Amino acid sequence: MIGRLFDGVPRRGLVLLAGLLVVLLAAPWIANDYLLTVLIIVLYFAYTGQAWNVMMGFAGQLSLGHAIYVGLGGYAAAALYVHFGIAPWLGLAAAIAIAMTCGAIIGFLAFRFGVGGVYFAILTIAFAEFARIGFDHFTWVGASSGFFLPVANYTRNDLWNLRGNPTMFYYLMLALTIAAFALCHILLKSRVGYYWQAIREDEVAARSLGIDTFRYKMYAVVLSAGMTAVAGVFFAFYYNNLFPEQVFHISRSIELILGPIIGGIGTLFGPLIGAFLLTGLSEAMQELLTALGFDAPGAKQVFYGLCLLAVVMALPGGVWPWLAAKLGVNGRRS
Amino acid sequence: MPAEIYLNVAVSGLLTGLVYGLMAVGLSVIFGVVRVVNFAHGEMMTVAMYLAIVLFNGFGLDPLAMVVPLAAVLFALGYAMQAGIINPFITRPEHSQFILLVAVALVIVNVLLIAFGPDARNVQTSYSFDSFLVGPLIIDATKVYAGAATVVITAALFAFFRFAPLGKAIRACADNYTGALVVGLNVRHLYALTFGLGAACVGAAGSVLVLLVDVTPALGPALTLLAFIIVITGGLGSMPGAVLGGVLIGLTEATAGLFFTPSAKSMFSFGLLVLVLLFRPQGLLGKRLS
């Protein structure tokens with residue numbers, strides 16, 4: 001199994017990958033608190049980006065409402081913890097189950113009725129907005145005034161209840177990201193992965209080859225939803241608060257998918273590279289604008305938007321394919 | 001509750017819905033021809049709304065008189081956007097266009113935030129509190145003017161696409177891209193014109209809507225979503241569909257606000273959207289999906 005993970009990866013790529021892993025593992029000893037927080041955000045977006053990539057990058061189904069799975073996952077685990085004292089690791093199972101069910105409902109409705117492309121994307125937005133407004137009026141979990149977890153005790157790490165300091169959350173997120181990475185790597189080379197890519201490239205051709213496109217599109221949506229819900233649980237226990245206006249908002253869905261698109265859609269490293277670039281860019285903008293004494297609210301986003309425009313116009317396929325060619329690690333296309 | 005209340009709310013929703021419809025016509029025209037979903041649509045609308053406010057506060061110009069000038073300004077903006085940055089993207093995949101327009105939207109929202117701050121703004125005209133009495137109905141004068149302006153503009157646009165040679169040329173591009181190129185139409189120019197026309201709808205709708213709602217920079221994304229709902233409900237690419245969708249959504253929101261809490265009203269619009277997508281994915285008046 002481990003051996004299979006590295007099939008077809010050029011040697012130079014392995015060395016770079018190992019180097020990256022060492023840096024990421026050592027980061028809490030090197031980085032200060034601020035940098036560690038930024039790295040947690042980077043990994044969070046790398047993970048959610050990878051989860052979204054399963055659906056869009058691999059199977060070609062554009063979801064613009066992934067915030068719904070983050071929100072459902074976060075709310076499910078947080079509500080079980082606060083109301084019944086159920087530990088997040090058990091709540092995680094419920095969170096995944098709920099998100100997967102939701103994904104299955106959206107997928108079933110859309111794919112059964114032949115809703116695809118732009119229409120599917122807008123359907124996913126509609127569901128996320130529906131959830132946002134619904135949770136705004138859902139008093140059991142605090143409605144619009146927010147749902148709070150008891151604030152973490154930073155002196156002691158309690159991994160079972162996910163109460164602890166940023167270093168614990170950092171390693172947790174790193175483990176999740178690596179796991180998602182390995183899973184996607186295996187999936188891409190599996191039968192399911194090839195079916196997905198066939199559907200992405202040409203759905204009619206895929207179906208005429210005998211692929212049950214409905215079933216495999218459903219797999220992609222359900223898996224992506226479940227993976228995203230895990231990030232939602234992490235989000236809830238890391239930030240200790242959930243507001244429907246923030247968690248389910250369409251800007252969250254957009255934030256989540258910018259990484260993989262900028263990094264390179266459908267590639268394994270795209271979400272990671274994209275998350276590093278965008279989070280780094282965003283933080284650097286903040287620093288730069290503060291240093292220049294020009295920190296009007298919104299200034300950061302204007303420059304962020306302009307950079308986004310520049311990247312998407314200059315590198316249509318994303319940064320990773322271009323970078324991989326530069327580094328000479330683009331062996332087999334994956 | 002007496003029946004007049006329902007009727008009053010329904011008429012008010014219908015008139016507001018007409019303005020929404022005009023905004024959605026813009027989105028529909030752009031998608032129908034250029035095949036690009038304008039994710040910055042509501043944001044462009046807020047640009048028009050802020051311009052109307054500046055013109056009103058600075059020069060005392062009535063927003064209703066500014067409908068045509070603002071439509072012209074937004075037309076120029078739309079033309080420049082399509083010619084400058086969107087044309088290279090028309091052959092790229094949807095997600096690529098999506099990011100491009102999301103980036104444009106992000107820039108617009110935050111430039112407005114820097115320029116005008118986060119506070120809600122509105123205009124107080126001399127007729128703000130006037131109303132008409134029609135039998136048992138009390139109708140806001142502003143809403144009547146807004147609805148009437150919308151009907152006139154939409155009719156003009158219909159006529160343009162139906163009868164004007166340029167309108168016919170644009171429809172030719174929409175029907176058959178290659179065919180349009182073969183007969184020697186300058187498709188890129190026509191695409192830019194179309195995007196300009198879509199933006200002009202937004203400019204007109206924005207200067208009218210400013211009479212009805214307060215504007216904040218954050219209104220942009222909400223309007224974009226609203227335009228999506230309307231256009232999908234009515235049929236993406238269909239102009240009458242967009243108007244019908246606008247009226248339906250206006251009515252739905254007004255009545256839902258009456259029967260349930262107003263803050264939950266857009267849930268019903270999304271509910272309506274989901275139903276339409278499931279049972280008639282091409283929209284109420286849309287052509288069948290290929």
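**Reading the features in turn**

Modeller: In chain B, strands E1(B) and E2(B) form a hairpin with two residues between them, and B:Gly135 in the turn has a positive phi of about 55°. Helices (H or I, at least four residues) and strands (E, at least two) are DSSP runs, numbered from the N terminus. The model is predicted: local features need pLDDT of at least 70 and side-chain atom pairs pLDDT 80 or more, whereas totals for chains, interfaces and linings use all residues. Residues are numbered from 1 along each chain as its sequence is written, and chains are lettered from A and ligands numbered from 1 in the order in which they are written.

Colleague: In which sense do E1(B) and E2(B) pair?

Modeller: Pairing requires at least two bridges found by DSSP. Here E1(B), residues 131-134, and E2(B), residues 137-140, run in the antiparallel sense over four bridges. Within this pairing, B:Ser131 has B:Asp140 of E2(B) as its bridge partner.

Colleague: What is the secondary structure of chain B as a whole?

Modeller: Chain B has eleven helices and two strands, in the order α-α-α-α-β-β-α-α-α-α-α-α-α. Its radius of gyration (over C-alpha atoms) is 19 Å, close to the 19 Å of the globule rule (2.2 Å times the number of residues to the power 0.38) for 290 residues, so chain B is as compact as a globular protein of that length. The C-alpha atoms of chain B fill a box of roughly 60 × 45 × 35 Å along the principal axes.

Colleague: How many residues of chain B are in contact with chain A?

Modeller: There are 31 residues of chain B in contact with 37 residues of chain A. On the chain B side, helices H4 (94-116), H9 (219-234) and H11 (265-279) each give two or more residues. H4(B) supplies the largest share, 13 residues.

Note on methods. Contact = placed C-beta atoms within 7 Å.
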